[in-house]
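Me: I'd like to learn how to read charged side chains in a model. Can you walk me through one?

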Amino acid sequence: MEAITATLGDGDETSRRETASLAGELGPVAVGAFEVLADIVRMEPEPPETTLAALASIGGARALPLLAKALEDGPARLRIAALHGLAGLGSAAAESHEQVAAVLNDPSLSLRERLEAAHALVRIGPTGDAVAHQLISALAICDRWLRIGLLRTLARRPSLSQKA
């Protein structure tokens, strides 16, 4: 763990990005790297997106405030990483449901961000029926590309109504 935390402090961005990715792959076993990763996200204006995924993988619900902040005011690449991290947490990220739904319904955001929000909703939503209803409602207020993506999301999740 010492080698991981030391490399996270390295000046080389590629080393730091790859080490954050490795820590994320290790998951909760790398809990010793959580605070170092959290500090990177808090202190750096443009942290590597792998830090957000690693935080979610290592810290679980403990990472929610940092993911929520990145989702709220980060650039697009960090919002996408935060959405991916939230999706990875599944129902442990249920408290982020409304914030993720807001991303889905925000026409000023990119197609990728909005589709990632739809995927996250499927994973974190309270029930399959509620999530399906949100995705279907969004169909009426989106362009054709988002509509196609939402329909694919719905089609790939045939067990939505069974989620509890």
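Me: Let's start with Arg42: what is its relative accessible area, and how exposed is that?

Reply: Arg42 has a relative accessible area of 47%, so it is partly exposed. The cut-offs: buried is under 20% relative accessible area, exposed is over 50%, and partly exposed lies in between, with a 1.4 Å probe and protein chains only. Keep in mind that this is a predicted model, where local features need pLDDT of at least 70, side-chain atom pairs count only at pLDDT 80 or more, and totals for chains, interfaces and linings use all residues. Residues are numbered from 1 along each chain as its sequence is written, and side-chain values use heavy atoms, with hydrogens and water left out.

Me: Which residue does Arg42 form a salt bridge with?

Reply: The general idea first: side chains of opposite charge can pair when their charged atoms come close. A salt bridge here is a side-chain nitrogen of Lys or Arg within 4 Å of a carboxyl oxygen of Asp or Glu. Arg42 forms one with Glu35, the closest N and O atoms being 3.8 Å apart. Glu35 is itself partly exposed, at 39%.

Me: What else pairs with Glu35?

Reply: Arg62 does, with its closest N and O atoms 2.9 Å from those of Glu35. That pair links distant parts of the chain: Arg62 sits in the loop between helix 4 and helix 5, Glu35 in helix 3, 27 residues apart. (Helices are DSSP runs of H or I, at least four residues, and strands are runs of E, at least two, numbered from the N terminus.) Through shared partners, salt bridges join Glu35, Asp39, Arg42 and Arg62 into one network.

Me: How many salt bridges are there in the whole structure?

Reply: A search finds nine. One of them joins Glu44 to Arg16, with the closest N and O atoms 2.2 Å apart. Glu44 is partly exposed at 26%, while Arg16 counts as buried at 13%.
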